Amino acid sequence: MSHQTEPPRRDRPARDPGLQPERTRLAWRRTALALTVIMVLTVRLALTGPPAGGTLGALVAGVAVLGWGAALTVCWRRATGSGAPPGYGRSLPLVALATAGFALLGTLLAARGLG
C-alpha cells in the first residue's frame with residue numbers, strides 16, 4: 001500500500017500578518033533601548049564604583065561596550081526590518097547572552113560596591 005500525499009490547497013486565503021511585524025519591530029527597539037540603558041549604568045558603575053576606575057574598571061567598561069555593540073547590531077537589523085541578518089538563527093541567543101552577561105556583570109559590580 002503506497003502513501004499518497006495530498007496536493008496543496010489553493011483555495012485558502014493568503015496569510016494576513018496584521019500588526020505582528022510592527023509589534024516585533026517595536027519589541028526589538030525596546031530591547032535595544034533597554035540594553036543601552038544597562039550598558040550605560042554598567043560603564044558608570046565600572047568606572048566610578050569603589051575603588052574608582054582603574055585597569056579592571058576600564059576592562060569591564062570595554063567588555064560592556066563590546067557586548068552592547070554586538071547585541072545592538074542584531075537588534076537594529078531586526079527593529080528596522082532590513083531583512084534577516086547573517087546567521088539569522090544565532091541572533092536571539094546572542095542577545096540573550098549579552099543580556100545575561102550584563103546581569104551577571106551588574107550583580108558583580110553591585111556586590112563589589114556593597115562590600
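Ser91 is buried, at 4% relative accessible area. Ser91 lies in helix α3. The model is predicted. Leu33, in helix α1, is exposed instead, at 57% relative accessibility.

**Around Ser91**
- Leaving out residues up to four places away in sequence, Ser91 touches Val74 and Arg78.
- Thr73 is 18 residues from Ser91 in sequence, and their C-alpha atoms are 9.6 Å apart.

**Nonpolar core**
- The largest nonpolar core holds 19 residues.
- Trp28, Leu35, Cys75, Val95 and Phe102 have the most contacts inside this core.
- Helices α1 (20–48), α2 (54–80) and α3 (91–114) each give two or more residues to this core.
- α2 supplies the largest share of this core, eight residues.
- Val95 is in contact with Trp28, Thr31, Leu35, Ala71, Val74 and Cys75, with neighbours within four places in sequence set aside.
- In soluble globular proteins, nonpolar side chains tend to be buried together.

**Helix α1**
- α1 runs to 29 residues.
- From first C-alpha to last, α1 reaches 42 Å, close to the 42 Å expected at 1.5 Å a residue.
- Its buried residues include Trp28, Ala32, Leu35, Met39, Thr42, Val43 and Ala46.

**Surface patch**
- Leu33, Val37 and Leu41 form a nonpolar patch on the surface.
- Together these three residues have about 280 Å² of accessible area.
- Leu33 counts as exposed because its relative accessibility, 57%, is over the 50% cut-off.

Key
Residues numbered from 1 in each chain as written. Predicted model: local features only at pLDDT ≥ 70, side-chain atom pairs only at ≥ 80, totals over all residues. Heavy atoms only, no water. Core = buried A, V, L, I, M, F, W, Y, C linked by side-chain atoms within 4.5 Å. Buried < 20%, exposed > 50% of the residue type's maximum accessible area, 1.4 Å probe, protein only. Helix = DSSP H or I, 4+ residues; strand = E, 2+ residues; numbered from the N terminus. Contact = heavy atoms within 4.5 Å. Patch = residues over 30% accessible without salt bridge, like charges linked within 9 Å, V, L, I, M, F, W, Y side chains within 5 Å. Areas by Shrake-Rupley, 256 points an atom, 1.4 Å probe, with all protein chains shown as cover. Salt bridge = Lys/Arg side-chain N within 4 Å of Asp/Glu carboxyl O. Expected span 1.5 Å × (residues − 1).
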